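Here is a short tour for anyone meeting this structure for the first time. Have a look at the sequence and the fold, then read on.

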Amino acid sequence: MYKDFLKPVSEELQDFAKSCNSFSLGASIKFQEDILEENAKKDKIALIGVTESRSKQNDLIEDVDFSLIRTQLYELQLGNWTIDLYDFGDINYDDNKKETEKVFREVINGLVSDGYVVIILGGTPSLGYQQYRAYDGIIDKLYYLTVDPKLRLDKDQDQTTDENYLTKVISHEPFNLLDYTNIGYQTYFVAQEQLDLINQLNFETIRLGQIADNVKEVESYSRDVNAALINLSSLQGSDFSSSKNMTPNGFSSREICALTKYLGFSNKVSSIYVCDYIENYKKLDHLLISQMIWYFIEGKNHRPEIKSFDDAQYFDKIYVPTEGYNYIFYRNAETNQWWIEVDYTVDDKSKKEIISCSEKDYEQALKGEVPNRWWKYFKKFY
């Protein structure tokens, strides 16, 4: 049973949570004794930590402890929330890194299968591959998103490392990856050959500057995501220093909180892995991670309700005829979210999908241009 691999939150931390005021997360969060009870509620969020910090088996173990992050999180005040929050405790690292990977994959698979949305605090980004593999048998066609200043496409080898986990996601069977997006890459860290490869695979890479100019652009990319990874090295060093790979440029604290909120808005996301954390005993860093978690939960609690595209009360259906193709867009009048219809053929059968897009795609169609999101998706089948 996957719960057997989780070390419960300490009694001291549980007592601290209970001592927080009645409007705080600590007063409402549930712990191991509550988790063991049957929970059939549909909407529920699980928080776990994983203390594995090694990129490779022979790396030194870094100090990774989430107690101070939990302390800050428990003291934050509840929003207008209806989703239950559970703290399952931590997966401790094994001497053999492959055993940690196996346990991590099994725990995530079990939680997602049981209907939890899982927030994972972690050390090594290499476990991103195990997060992806945890969906084997659950989702056949997965949409994976990373927030990372680099594209982790180093040479494939037996070990999964911080620098090659994306290579394994793309190239290893079973091939479950339908779509992939990286948010916030920094051009001087990424080889042109890597960008070309991602483009050839019809995946998306969004530069840091594009998001910094308008963080709302994240929403259309995150709307259909099943699993997401946020590498804390994507934060600018002046705002966050508890990472093994600090950089001077990156997302600000406000931008990363907005980004995690948009990830929470997704009706499909069921796990988010916040990684590359090391314990530097800096209160502001602990507080920022706890606020990122808070914003993700806030997004989950206020995500837009799923409605039928045929419901004219909620959706405007907009036709854009062009010389080459007649595009059909859908716009949610309440949220100003956009979708576009894509027709394609698989095994001589005509199919239609309605995929997320942004208002920019609509504006492209109005100019007679091929909308970027439509073209990226269409090319996957030809």
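## Ground rules

A residue is called buried when its relative accessible area is under 20%, exposed when that value is over 50%, and partly exposed in between (1.4 Å probe, protein chains only). Helices (H or I, at least four residues) and strands (E, at least two) are DSSP runs, numbered from the N terminus.

This is a predicted model, where local features need pLDDT of at least 70, side-chain atom pairs count only at pLDDT 80 or more, and totals for chains, interfaces and linings use all residues. Residues are numbered from 1 along each chain as its sequence is written, and side-chain values use heavy atoms, with hydrogens and water left out.

## Salt bridges across the chain

How many salt bridges does a search of the whole structure find? The search turns up 17, each one being a side-chain nitrogen of Lys or Arg within 4 Å of a carboxyl oxygen of Asp or Glu. Take Arg303 and Asp43, whose closest N and O atoms are 3.2 Å apart. Arg303 sits in the loop between helix 12 and strand 9 (315-321), while Asp43 is in the loop between helix 3 (32-35) and strand 1, so this pair ties together parts that are 260 residues apart in sequence. Arg303 is partly exposed at 24% relative accessible area, and Asp43 is partly exposed at 28%.

Next come Asp162 and Lys244, a salt bridge with its closest N and O atoms 4.0 Å apart. This pair links distant parts of the chain, 82 residues apart: Asp162 belongs to the loop between strand 4 (142-147) and helix 7 (165-171), and Lys244 to the loop between strand 7 (227-231) and helix 11 (253-265). Asp162 is buried, at 8% relative accessibility, whereas Lys244 is partly exposed at 28%.

Asp224 is in the loop between helix 10 (218-222) and strand 7, and Lys268 is in the loop between helix 11 and strand 8 (271-275), so the pair ties together parts 44 residues apart in sequence. Lys268 has a relative accessible area of 46%, so this residue counts as partly exposed.

Is His286 buried or exposed? His286 counts as buried because its relative accessibility is 3%. You'll find His286 in helix 12 (residues 283-301). Not counting residues up to four places away in sequence, His286 touches Leu68, Ile69, Gln72, Tyr277, Glu279 and Tyr281, where contact means heavy atoms within 4.5 Å.

Lys168 is in helix 7 and is buried too, with a relative accessible area of 3%. Leaving aside neighbours within four places in sequence, Lys168 is in contact with residues including Tyr129, Asp156 and Thr160.

## Two partly exposed aspartates

Asp65 lies in the loop between strand 1 (44-50) and helix 4 (67-75). Its relative accessibility is 35%, so Asp65 counts as partly exposed.

Asp196 is in helix 8 (residues 192-200) and is partly exposed, at 35% relative accessibility. How far apart are the C-alpha atoms of Asp196 and Ile340? They are separated by 25 Å, and the two residues are 144 residues apart along the chain.
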